[in-house]
Amino acid sequence: MPAAELAPLLSSLTQPDDPNLLIGLATSDDAGVYRLRDDLAIVQTADFFTPIVDEPYDFGRIAATNALSDVYAMGGRPVSALNLVAWSVDELGAEPLLEVLRGGADVVAEAGVVIVGGHTIADAEPKYGLAVTGVVHPDELISNASGRPGDALVLTKPLGAGAVSTALKRGLANPRLVAAAVEVMCELNADASAAASAEGAHAMTDVTGFGLLGHLHELTAASSLAAEVDAAAVPAIPGVLDLLSDDRALAGGSRNNRRYAESYATFEPGVDEVRRRLVCDAMTSGGLLVALSPERSGDVPGEVIGRLIDGPAGTIAVRA
């Protein structure tokens, strides 16, 4: 659902009044966090979507990696998961579903997480994902609302999976490009999250469907700060920049992201159209966007792509 449509809906809901709810809807964080004890909180999230690649096994891997990422984005450790499945065996067959579930199970096992059950409905439009529960010490929680002026912004994975998925559907993506995108989307954010925590990250989120600018907008708004992004420093999956020169590779979600970005972001004239499209790419299972002290940014895997600054909350200036 586009961010521009979702935000006003969520803002109309009554916010829970519970002192143990450490993270709820108010800050647009990646997961909810509820304190059980002074030294233990649970991190909860759910994420599922329709297939973005042709291979069922890869679809399962990507969807599971994406769901686990929300816990890593909070500085937490995922411990259990529930499968969420919408599938029509009559129309789609049982064997592809088995491959989807096998892909998800392999990623979950790699992460040291246990699948404890799930829920399945009959649906001609296939969907798969996970509900994930993690743990974190309340003092080690990393929200997207704690950025500080001068923080460096590190992006731990390249962008462009949205363009690759759209190009695949339209016969524009070659197998090598698809394989590169799948590899990026199936990379767990566990090591990046651990590195960010070790280096004292102030704020963190992951980059998924709202694109780099959309998720940075949420982080800056929650932190009451603005941001600058160096367009040339933003990494792309190899081959994606060429792909984004073709309008046919633009995902519908990316177009929505671009329209919404016009309300909070400005682009210097020197930022070319391909780079503008990249920072709005509707990414799936993207990397972490980490805000931390500049002197410690080199120890978090990824690229420094900008900084947090004092300014109108939620605004972003994209520099050439």
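The legends below describe close-up views of a predicted model.

View 1. Six strands form an open sheet in the order 1-2-3-6-4-5, and their pairing is mixed. The edges are taken by strand 1 (21-23) and strand 5, each of which pairs on one side only. From one strand to the next, the twist averages 25 degrees. Helix 4 (residues 94-110) packs on this sheet and touches strand 4 (77-87), strand 5 and strand 6. The direction of helix 4 makes about 170 degrees with that of strand 4.

**View 2. The pairing of strand 3 with strand 6.** Strand 3 (residues 40-49) and strand 6 (residues 127-136) are antiparallel and pair over nine bridges. Within this pairing, threonine 45 stands opposite valine 132 of strand 6. In general, strands of a sheet pair through backbone hydrogen bonds, in either the parallel or the antiparallel sense.

**View 3. The surroundings of glycine 129.** Glycine 129 belongs to strand 6. Its relative accessible area is 0%, and glycine 129 therefore counts as buried. When residues up to four places away in sequence are not counted, glycine 129 touches Asp47, Phe48, Ala63, Leu82, Asn83 and Leu84. Serine 263 lies 134 residues away along the chain, and its C-alpha atom is separated from that of glycine 129 by 31 Å.

**View 4. A nonpolar surface patch that includes valine 116.** Leu82, Val114 and Val116 form a nonpolar patch on the surface. Together these three residues have about 250 Å² of accessible area. Valine 116 is placed in strand 5 (residues 114-122). This residue counts as exposed because its relative accessibility is 55%, above the 50% cut-off.

**View 5. The surroundings of threonine 65.** Threonine 65 is part of helix 2 (residues 56-72). With a relative accessibility of 2%, threonine 65 counts as buried. Apart from its neighbours within four places in sequence, threonine 65 is in contact with Val107, Met185, Cys186, Glu187, Leu188 and Ser285.

View 6. A mixed open sheet is formed by seven strands in the order 8-11-7-12-9-13-10. Strand 8 (203-206) and strand 10 (265-267) stand at the edges with a single partner strand each, so one side of each has no neighbour in the sheet. The twist from one strand to the next averages 20 degrees. Helix 8 (residues 211-223) packs on the sheet, where it touches strand 7, strand 8, strand 9 (226-230), strand 10, strand 11, strand 12 (303-309) and strand 13 (316-319). The direction of helix 8 makes about 150 degrees with that of strand 8.

**View 7. Strand 7 and its two partner strands.** Strand 7 (residues 152-155) runs antiparallel to strand 11 (residues 288-292), to which it is joined by four bridges. Four bridges also join strand 7 to strand 12, and this pair is antiparallel. Alanine 152 stands opposite leucine 292 in strand 11, while its bridge partner in strand 12 is arginine 307. In a regular strand, side chains alternate between the two faces of the sheet. In strand 7, Ala152 and Val154 point one way, whereas Leu153 and Leu155 point the other way. All four of these residues are buried.

**View 8. The enclosed helix 5.** Seven of the nine residues of helix 5 (residues 161-169) are buried, so this helix is largely enclosed by the rest of the structure. The buried residues are Ala161, Gly162, Ala163, Val164, Ser165, Thr166 and Ala167. These buried residues pack against helix 6 (175-185) and helix 9 (240-243). Just after helix 5, glycine 171 adopts a positive phi of about 70 degrees.

View 9. Glutamate 199 is located in the loop between helix 7 (190-198) and strand 8. Its relative accessibility of 15% means that glutamate 199 counts as buried, the cut-off being under 20%. Leaving out residues up to four places away in sequence, glutamate 199 touches Leu292, Arg296, Asp299 and Val300.

Terms used
Residues are numbered from 1 along each chain as its sequence is written. This is a predicted model: local features need pLDDT of at least 70, side-chain atom pairs count only at pLDDT 80 or more; totals for chains, interfaces and linings use all residues. Side-chain values use heavy atoms; hydrogens and water are left out. Patches are made of residues with over 30% relative accessible area and no salt bridge: like charges are joined within 9 Å, nonpolar side chains (Val, Leu, Ile, Met, Phe, Trp, Tyr) within 5 Å. Accessible areas come from the Shrake-Rupley method with a 1.4 Å probe; for residues, only the protein chains shown count as cover. A salt bridge is a side-chain nitrogen of Lys or Arg within 4 Å of a carboxyl oxygen of Asp or Glu. Buried means under 20% relative accessible area, exposed over 50%, partly exposed in between (1.4 Å probe, protein chains only). Contact means heavy atoms within 4.5 Å. Two strands pair if DSSP finds at least two bridges between them. Axes are lines fitted to C-alpha atoms, for helices over the stretch in contact, and angles run from 0 to 180 degrees between N-to-C directions.
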